[in-house]
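The sequence and the structure come first, and the description follows.

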Amino acid sequence: MAKVVISKRVVDAAVASGKDVILWDEKLAGFGLKVTPSGRKVYLYRYRFSRPGQAARTAPTKYTIGPHGDITPDQARKRAQDLAALVANGVDPRQHEADLRAAQDRAKREADEQSRRETELAFSRMADIWLKYYEHERARRPSSVAQAKLVVENHLKPAFGNRPMPHIGRSDLQAVIDRIPLKQKAMRRTVFAYSSVLFGWAAKRDAIPRNPLFDMTKPPAPPARDRVLSDEEVARVWAAAAKLKKPWGPFYRIAILTGQRRDEVAKLHWSELDRAKATWTIPAARAKNGMAHIVPLSKPLVDELDALAPSVKGSDKLPPKWPKTGFVLTTNRRSAVSGFSKAKKLLDAAIEAERNIETNRGRYIQPQTPWRVHDLRRTVATGLQRLGVRFEVTEAVLNHVSGAKGGVAGVYQRHDWALEKRAALDAWAEFVGQLVTGSCEDDAAHSEAGA
């Protein structure tokens, strides 16, 4: 077998014969050029290799570097030198190449799996799964579900989109909270709370290593509200409500007479009312604490509902009949009333208009201090206490699970305070009526309802 210095000139000049012809390089042992009978020219490297503790192989191993044309003689020589270095370091080139291919295959599989996993763990997709889980895992209040959706749709999805959840860290979530104005303390707290529930759920599913909000500082809670409407303010709200179109006037008057929560009043259903027993039963699914609640109906409240009943009216001998289905407070007979902010502005405008009328008559009235619908609930609670109603009865009227109904007492004390609640709400309705007519007497003169 001829030995030459393999160069482009030598390779170009090499001709085929009836069998394979191999030209070995005289400078680099094992580096050669094979010319096949068809004229194809291929670079190769021949070596002997034995592992430690094994006898040297008697037959050399040939390694095909590649065909001429795809690579040049200089590139083939460089590759042969690299292969010679592997052999000199005790590495079998063929095994090395097999190991490389296996590593590449493994890396590709891992990359494909990571890509698939990250697609499946895209935040938007995971958040949608969580929202369904959150809504249906147990009987949650609609308001809580709505709040969770608001946090996801308005704050988290715009920030994270389809970013894989494992790639979302504490600083990313802190940035979301920091974008909420500092004055919106309640919203900052809400976003933190629902985000923590969402990422905690993902951690339990092994979608992420851990909940990134675990060590985050919780935003400060907004100051507790203590706004209670004065007697004069209650009378002004009642009078102004009469100037609002249905169903908003009745909405505010029902809230004043019962002290129940805004959404509980707004979604009042005829099926929850019993005129014969004068009761309103708020089902557990609609109550904030998940406990069914019976609200006694005072005479003024029954009259209010009579006026709202769209069906057959009563006569001198028979009382009005209330419907069995449908929302009590509705504008379209299909859904509960909504648009609380707009209605509150109309109510405030009516109160201010009446104040201006009184001012023009020479009677100055202090402008109404800002208040919220929930403040009516606190006002009722305070009013009942002023009327001498026992604390336990006030808690029962408001359906609070605290104080007298919490802890061990709540387990063993099963009295429902039905008669006391009715007496308390009747006394409160009478008191409100006196405020409206201006005939309210001194607090000390009121009977101790429910005592």
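In this predicted model, strand S7 (residues 279-282) pairs with S6 in the antiparallel sense, over 2 bridges.

**Aromatic contacts**

The structure holds 13 aromatic pairs. A pair of aromatic rings is described by the distance of the centres and the angle of the planes. Two of the pairs are set out below.

| Pair | Centre to centre | Angle between planes | Arrangement |
|---|---|---|---|
| Tyr134 and Tyr194 | 6.0 Å | 75 degrees | edge-to-face |
| Trp428 and Phe431 | 5.7 Å | 35 degrees | tilted |

Why is the pair of Tyr134 and Tyr194 edge-to-face? The planes of the two rings stand at 75 degrees, and an angle over 60 counts as edge-to-face. Tyr134 belongs to helix H4 (residues 123-136) and Tyr194 to helix H7, so the pair ties together parts that are 60 residues apart in sequence. Tyr134 has 7% relative accessibility and therefore counts as buried. Tyr194, at 15% relative accessibility, counts as buried; the cut-off is under 20%.

Trp428 and Phe431 both lie in helix H16 (residues 418-437), where they are 3 residues apart, about one turn of the helix. Both Trp428 and Phe431 are buried.

Elsewhere, one aromatic cluster is formed by Trp248, Phe251, Tyr252 and Phe340. Charged side chains also meet aromatic rings. Lys344 lies over the face of Trp371, at 4.2 Å from the ring centre. The charged end of Arg253 sits over the ring of Trp238, 6.0 Å from its centre.

**The largest pocket**

Rolling a probe the size of a water molecule over the atoms shows where empty space is left. The largest pocket has a volume of about 1600 Å³. Its lining consists of 39 residues, and those closest to the centre are Gln147, Arg262, Asp263, Lys288 and His374. Which elements give two or more residues to the lining of the largest pocket? They are helix H5 (142-160), helix H7 (185-204), helix H10 (262-266), helix H12 (340-360) and helix H13 (374-386). H5 gives the most, with 6 residues. By class, the lining of the largest pocket has 16 charged, 15 nonpolar and 8 polar residues.

**The cavity**

How many cavities of 30 Å³ or more does a search of the whole structure find? The search finds 1. The volume of the largest cavity is about 50 Å³. Its lining is made up of Ala255, Gly259, Gln260, Arg261, Arg262, Val373, His374, Leu376 and Arg377. H13 gives the most to this lining, with 3 residues. The lining of the largest cavity divides into 3 nonpolar, 3 polar and 3 charged residues. Arg262 and His374 line the largest cavity and are also among the residues closest to the centre of the largest pocket.

How values were computed
Residues are numbered from 1 along each chain as its sequence is written. This is a predicted model: local features need pLDDT of at least 70, side-chain atom pairs count only at pLDDT 80 or more; totals for chains, interfaces and linings use all residues. Side-chain values use heavy atoms; hydrogens and water are left out. On a 1 Å grid over the protein atoms alone, a cavity is a set of points where a 1.4 Å probe fits but cannot get out, and a pocket is an open set with protein on both sides within 12 Å along at least five of seven lines; lining residues have an atom within 4 Å of a point. Grid points are joined across faces, edges and corners, and a volume is the space filled by probe spheres set on the points. Helices (H or I, at least four residues) and strands (E, at least two) are DSSP runs, numbered from the N terminus. Ala, Val, Leu, Ile, Met, Phe, Trp, Tyr, Cys and Pro count as nonpolar, Asp, Glu, Lys and Arg as charged, and the others, Gly among them, as polar. Rings of Phe, Tyr and Trp (its six-membered ring) pair if their centres lie within 6.5 Å; planes under 30 degrees apart count as stacked, over 60 as edge-to-face and the rest as tilted. Buried means under 20% relative accessible area, exposed over 50%, partly exposed in between (1.4 Å probe, protein chains only). A charge sits over a ring if NZ of Lys or CZ of Arg is within 6 Å of the ring centre and within 35 degrees of the ring normal. Two strands pair if DSSP finds at least two bridges between them.
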